[in-house]
Amino acid sequence: MDDPVLLTGAGGRVGQAILDGIGEEYDWRLLDREPIPAAKVPDRVTDADQYVADITDERAVREAMTGVNAVVHLAGDPRKTAPWESVLRNNIDGTQVVMRAAARAGVDRFAFASSNHAVGGYETDDRTPDLYRPDDDYRLDGEELPRPGNLYGVSKATGEFLGRYYHDETGMSVVCVRIGNLTKDHPPREYERGQAMWLSHGDCAHLFDRCLRADYGFEIVYGISDNDRKYYSIDRAREVLGYDPQDNSANYTFEGEPIAEDPPTDEP
Ligand SMILES: NC(=O)C1=CN([C@@H]2O[C@H](COP(=O)(O)OP(=O)(O)OC[C@H]3O[C@@H](n4cnc5c(N)ncnc54)[C@H](O)[C@@H]3O)[C@@H](O)[C@H]2O)C=CC1
Ligand SMILES: O=C1O[C@H](COP(=O)(O)O)[C@@H](O)[C@H](O)[C@H]1O
């Protein structure tokens with residue numbers, strides 16, 4: 001892809017997982033309100049392609065958006081305990097600024113980092129903890145209404161509605177990825193819920209790569225690895241985006257250690 005891809009929140013955990021995996025495959029334009037240390041910036045990204053700006057700064061976002069063909073929008077407050085003032089500013093207002101600028105600039109594809117917390121309210125007392133276990137067949141598939149479990153989740157559901165609106169108004173392709181629990185090198189340790197929604201770094205980079213290449217209109221998909229434990233379906237991500245995850249929390253112990261594969265044997 002030749003046209004630049006704007007990555008907001010590039011210095012954070014998800015941004016770094018994406019750049020570690022596909023940092024050499026796109027002409028990135030990186031935006032974060034904090035300067036990104038040089039070691040975290042792909043070699044081919046020049047200083048001119050790095051923007052230190054707040055996403056609520058309309059002028060700065062418009063400037064960063066010039067000539068951009070696709071956006072991966074991650075910047076925001078990721079805390080599930082974040083107060084309303086913060087999610088209102090960083091997650092709702094900021095997302096509206098970025099989406100509007102993208103729509104006005106004629107961006108083709110827009111991937112929005114939504115969250116499992118947009119649907120946390122489905123984890124009711126009568127469903128949990130069975131929901132987190134491999135033999136439970138309850139699935140959310142992205143067709144259900146949002147049911148946030150906290151104000152952070154409300155802000156992510158609102159970002160999805162903004163995506164729906166800008167898609168309908170302008171035709172910009174928008175995919176909202178309800179990211180599970182991104183953890184590097186191993187699933188979250190001793191945490192059933194986290195292991196059911198683990199997203200490995202490799203699968204994260206691959207998923208956003210597919211968001212930048214696939215053809216879609218408006219989509220809500222779940223961003224988790226191919227875990228045996230799961231209550232989010234990844235069928236839609238597979239069908240529409242061509243997502244083909246390689247990791248599974250079942251390949252690790254509950255404590256997060258890799259389970260050794262049986263060595264090959266000549267015995268019949
Ligand atoms: N890490 C995870 O497992 C999950 C993350 N997400 C979402 O993915 C996105 C990225 O999350 P993480 O990388 O984990 O968070 P992070 O806190 O590591 O990274 C967020 C980045 O955005 C920047 N940022 C925050 N507010 C900004 C603003 N107003 N203007 C410009 N830059 C701003 C921060 O400086 C930071 O570098 C967030 O929107 C979060 O809600 C969703 C579900 C799970
Ligand atoms: O949206 C997010 O979700 C993940 C997983 O949630 P948790 O309740 O299992 O911790 C969280 O780690 C991340 O910080 C947040 O942005």
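How many residues surround ligand 1, and which are the closest? There are 25 of them, and the closest are Arg 13, Asp 32, Leu 74, Tyr 152 and Lys 156. Before going further, please keep in mind that this is a predicted model.

Let me stay with ligand 1 for a while. By class, its shell holds ten nonpolar, nine polar and six charged residues. Four elements each give at least two residues to that shell: the helices α1, at 13-22, and α4, at 151-170, and the strands β5, at 109-115, and β7, at 181-182. Of these, β5 has the largest share, with three residues.

Now the polar contacts. In the side chain of Tyr 152, a polar atom sits 2.5 Å from an oxygen atom of ligand 1. Arg 13 also uses its side chain: an N or O atom there is 2.8 Å from an oxygen atom of the ligand. Ile 55 takes part through its backbone, where an N or O atom lies 3.0 Å from a nitrogen atom of ligand 1. How much of ligand 1 does the protein cover? On its own the ligand has 830 Å² of accessible area, and the protein covers 90% of that. The space ligand 1 takes is the largest pocket.

On to ligand 2. Which residues are around it? The list runs Arg 13, Pro 78, Lys 80, Ser 115, Asn 116, His 117, Tyr 152, Gly 180, Asn 181, Tyr 191 and Arg 193. Sorted by class, the shell of ligand 2 has three nonpolar, five polar and three charged residues.

Here, too, there are polar contacts to report. A polar backbone atom of Pro 78 is 2.6 Å from an oxygen atom of ligand 2. Asn 116 brings a polar side-chain atom to 3.1 Å from an oxygen atom of the ligand. For His 117, the distance from a side-chain N or O atom to an oxygen atom of ligand 2 is 3.1 Å. Of the 380 Å² of accessible area that ligand 2 has on its own, the protein covers 80%. The space taken by ligand 2 is, again, the largest pocket.

Last, the annotation. An unreviewed UniProt entry places a domain, "NAD-dependent epimerase/dehydratase", at residues 5-182. Over that stretch the chain is 34% helix and 18% strand. Its end C-alpha atoms are 22 Å apart.

Note on methods
Residues numbered from 1 in each chain as written. Chains lettered and ligands numbered in written order. Predicted model: local features only at pLDDT ≥ 70, side-chain atom pairs only at ≥ 80, totals over all residues. Heavy atoms only, no water. UniProt positions renumbered as here; feature names shortened; annotations may be inferred. Near = heavy atom within 4 Å. Polar contact = N/O pair within 3.5 Å; in protein donor to acceptor, adjacent residues only side chain to side chain. Areas by Shrake-Rupley, 256 points an atom, 1.4 Å probe, with all protein chains shown as cover. 1 Å grid on protein atoms, 1.4 Å probe; cavity = no way out; pocket = protein on both sides within 12 Å on 5 of 7 lines; lining within 4 Å. Sits in = over half its atoms within 2 Å of the grid points. Nonpolar A, V, L, I, M, F, W, Y, C, P; charged D, E, K, R; others polar.
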